[in-house]
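Subject: Structure handover and notes

Hello,

Here is the structure I said I would pass on. My notes follow below it.

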Amino acid sequence: MSTFVTLSTGQKMPVVGLGTWKSAPGQVKQAVLAALDCGYRHIDCAAAYSNEREVGEALALRVGPGRALQREEVFVTSKLWNTKHEPEDVEEACRTSLAHLGLTYLDLYLMHWPMAFEPGKELMPRREDGSICYSDTHYRHTWAAMEGLLDKGLVKAIGLSNFNARQTDDIIGMARHKPVVNQVECHPYLSQAALLSHCRSVAVCVTAYSPLGSGDRPWASPDEPSLLEDPRLGAIAQRYHKTLAQVVLRTWRCLTSP
């Protein structure tokens with residue numbers, strides 16, 4: 001089984017990546033170092049994770065001239081947050097992530113969600129009643145600004161995150177540079193079969209986050225069963241002398257292979 005997937009741009013994206021969501025300050029640097037040292041070549045970041053500076057410190061120790069890895073050997077993804085959807089804010093947001101990561105370009109830059117929040121310093125701007133302050137900026141306008149990042153060489157490819165099939169088609173229908181990836185939550189308890197099939201039909205690669213069923217994600221219900229304790233998957237793992245996590249990840253890779 002290949003360790004890379006070829007994107008529509010021709011780029012080789014490593015199949016397995018280290019996600020940095022919820023990596024605590026003081027810990028994410030060591031996590032990235034350990035990942036690179038044991039063979040990971042795909043690091044998934046986002047401005048909203050508020051830890052890109054520390055990820056950058058780790059990259060600086062392992063990647064670049066005189067280091068163990070050359071820049072082209074490591075695939076780095078980051079994401080545009082919802083408060084930066086105004087077209088005039090997109091380039092600055094990308095450059096900020098690049099500065100924090102200590103990079104001159106990103107291999108992949110995703111629109112984190114298909115909705116815009118009111119611009120400002122707060123990640124989750126809220127009204128007094130606790131509701132989110134949304135903006136009227138449409139993701140199509142944000143996408144057009146992201147295409148400019150490609151034109152300037154700040155990113156090698158652009159894509160989507162948390163988009164459904166209709167929204168994905170909406171972007172494809174107006175794009176000069178089509179999205180190469182749609183990153184969504186996907187695991188045996190949320191198989192996303194229809195979305196996987198649709199994205200494959202339009203040459204958009206699907207990347208799974210929480211592939212092991214992250215139980216502490218904000219939208220998980222308190223009584224939701226743990227994927228890594230599922231007796232059916234446990235029986236399969238035992239039969240093949242693998243860990244349950246290996247079974248889950250192998251299943252996901254088979255589902256997404258052409």
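UniProt positions are given in the numbering used here, and its annotations may be inferred rather than shown by experiment. With that in mind, the UniProt record, an unreviewed entry, lists Tyr49 under "active site". Please also note that this is a predicted model.

Tyr49

Tyr49 sits in the loop that runs between β4 (42–44) and α2 (52–62). Is Tyr49 buried or exposed? Its relative accessible area is 16%, and buried means under 20%, so Tyr49 counts as buried. Beyond its neighbours within four places in sequence, Tyr49 is in contact with Thr20, Trp21, Asp44, Lys79 and His112.

Two other buried residues

His85 is in the loop between β5 (75–80) and α3. With a relative accessible area of 1%, His85 is buried. Residues up to four places away in sequence aside, His85 touches Leu80, Val90, Met111, Trp113, Met115, Ala116, Thr137 and Thr142.

Glu147 belongs to helix α4 (residues 139–151). Glu147 has a relative accessible area of 3% and is therefore buried as well. Its contacts, again not counting residues up to four places away in sequence, are Ile158, Ala175, Arg176 and His177.

Packing of α2 and α3

On the α2 side the contact is made by Glu52, Arg53, Val55, Gly56 and Leu59, and on the α3 side by Ser97, His100 and Leu101. By type, the residues of this contact are three nonpolar, three polar and two charged.

Helix α6

Which residues of α6 (residues 193–201) are buried? They are Leu195, Leu196 and Cys199. These residues lie on the same side of α6, because they cover an arc of only 100° around the axis. An α-helix has 3.6 residues a turn, so residues three or four places apart point the same way. The face of α6 turned away from the buried side carries Ala193, Ala194 and Ser201, which are exposed. Just after α6, Ala203 takes a positive phi of about 60°.

Regards

Technical notes: Residues numbered from 1 in each chain as written. Predicted model: local features only at pLDDT ≥ 70, side-chain atom pairs only at ≥ 80, totals over all residues. Heavy atoms only, no water. Helix = DSSP H or I, 4+ residues; strand = E, 2+ residues; numbered from the N terminus. Buried < 20%, exposed > 50% of the residue type's maximum accessible area, 1.4 Å probe, protein only. Contact = heavy atoms within 4.5 Å. Arc of directions from axis to C-beta. Nonpolar A, V, L, I, M, F, W, Y, C, P; charged D, E, K, R; others polar.
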